[in-house]
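Here is a walk through one protein model. Keep the sequence beside the structure as you read.

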Amino acid sequence: MKNSLYPSINSLIKERDSEALTEALNSLSPFELAEIISNKSESDQSFLFSFLSPALAVQTFDFLPLHVQRHLVSVLPAMQVIALLKSLSPDDRTSFLQSLPKLAADEWIKLLPYDERILAMTLLGYPPGSVGRLMTPDFLSVRMDWTIERVLDYIQAYGHDSETIDIIYVVDEKEKLLDDIKLKNFLFVPRHYQVQQIANNQFIALLVDDSEEKAIQVFRRHHRHALPVINKEGVLLGIVTIDDILRLSNQEATKDIQKIGGMEALDEPYMQAPFLDLMKKRAGWLVILFLGEMFTATAMGYFEDELSKAVVLALFLPLIISSGGNAGSQASTLVIRAMALREVLLSDWWKVARREILSGLFLGAVLGAIGCIRVVIWSLMFNTYGIHWPLIAITIGFSLIGVVLWGTLAGSMLPLILRRAGADPATSSAPFIATIVDVTGIIIYFLIALMVLKGTLL
């Protein structure tokens, strides 16, 4: 869309020029309209939407974010809302209805036509977070004894009502799934052939009670545009398409990133989240992390005598513990993402531990060498650390190796431990790992200092 349209539409909104707005808006595509409406205030959203033709309004509504759809439904006339809900595909309508408060969703479902009402109630009847709520019953199924010509005629007659025609599903007389065949396979065989002559009776399917996470994994593993959904008896109930999986995958990635940042996942986009809800999501983890950091002060208090004898140790304290926290955050982020992509399983814990032990030793040695060089240069140039600077350099070097090694090991193992306990690995966020390593890093640092500096500075 040309950028010049934005200022012209903004000026028309200010002027409240209804005729010009109608002409300008109805000349745009549904995607362009959705982009414009989404970036307006709530009052302007409903104002602009009112100028769209019925057909264009239906198409545009499908592209709008959920929070904009919810607002429009709350202000538009009931008859228009019903028309919009009817126009949505069953899976998109389910996604929208489950985002509403239950009482509001029930009221809108009651106003749907009978067939649509039964379908909506059926899909919403499946457990939240299950494949059943993602699927649509709009698909094409054929029988094994059909000829290719009959299949092609069937596709021509009913394909426009299907969510996708890339895959044609083969079922028996009890609607049990027998095969799924790509459309192109029907196009390059004689028309008198029967379906059973090109079928191989092999297919990949999701169970209706499978989790959304499993659906994402199956789609990612098999690179499919759509997958059939069956019950325990193998009866074909619907299909799940890639657009829903991409939306879910994006939501899951967003939640994981927010958790890794040290907060609870938001239920709504950042700009639409109520301020108090946003504070609740952020305050909880901040309090937990603050309480955790209090142990840092306790640990430092335990080594108060050592600090008073060798104040120079305090100069390197932030460097030591931050290096461990950073290394732990790196390891935690890498493992969490690898687990999300199914690159790392619980059974791989020892492989991960071994890899991170080696990584921790290598990275710690690199940082330790840099720390030693720093002490040497400052001592030779400015005599900053006194006559015992070689021992201080050794203390810093070995402390960095120990703390970084511990940080990488803790950061890589904690997500696996949480998954084993049934918790979300993303909750082993970077700040959480950093807090753990801060406390233990102080202990490692001062224990090494006691061993190396005993009889000199300590």
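Five bridges join strand S2 to strand S3 (residues 177–182), and the two run antiparallel. Strands here, like helices, are DSSP runs numbered from the N terminus: E of at least two residues for strands, H or I of at least four for helices. Two strands pair if DSSP finds at least two bridges between them. This is a predicted model, in which local features need pLDDT of at least 70, side-chain atom pairs count only at pLDDT 80 or more, and totals for chains, interfaces and linings use all residues. Residues are numbered from 1 along each chain as its sequence is written, and side-chain values use heavy atoms, with hydrogens and water left out.

Start at Val170. Its bridge partner in S3 is Asp179. S2 and S3 form a hairpin with five residues between the strands. There, Glu175 takes a positive phi near 65°.

S2 also pairs with strand S1 (residues 141–142). These two run parallel, joined by two bridges. Ser141 stands opposite Tyr169 in S2.

How many residues of S2 are buried? Five of its five, across residues 167–171. Buried means under 20% relative accessible area, exposed over 50%, and partly exposed in between (1.4 Å probe, protein chains only). In a regular strand the side chains alternate between the two faces of the sheet. On one side of S2 sit Ile167, Tyr169 and Val171, and on the other Ile168 and Val170. Both faces are covered.

Move on to another sheet. Three strands form an open sheet in the order S4-S5-S6, with mixed pairing. Strand S4 (206–207) and strand S6 (236–241) are at the edges, each with a single partner strand, so one side of each has no neighbour in the sheet. Strand S5 (residues 226–230) pairs with S6 in the antiparallel sense over five bridges. Pro228 has Ile239 as its bridge partner in S6.

Leu380 lies in helix H18 (residues 349–382). Leu380 counts as exposed because its relative accessibility is 62%. Glu32 is found in helix H3 (residues 30–38). Is Glu32 buried or exposed? Glu32 is buried, with a relative accessible area of 18%.
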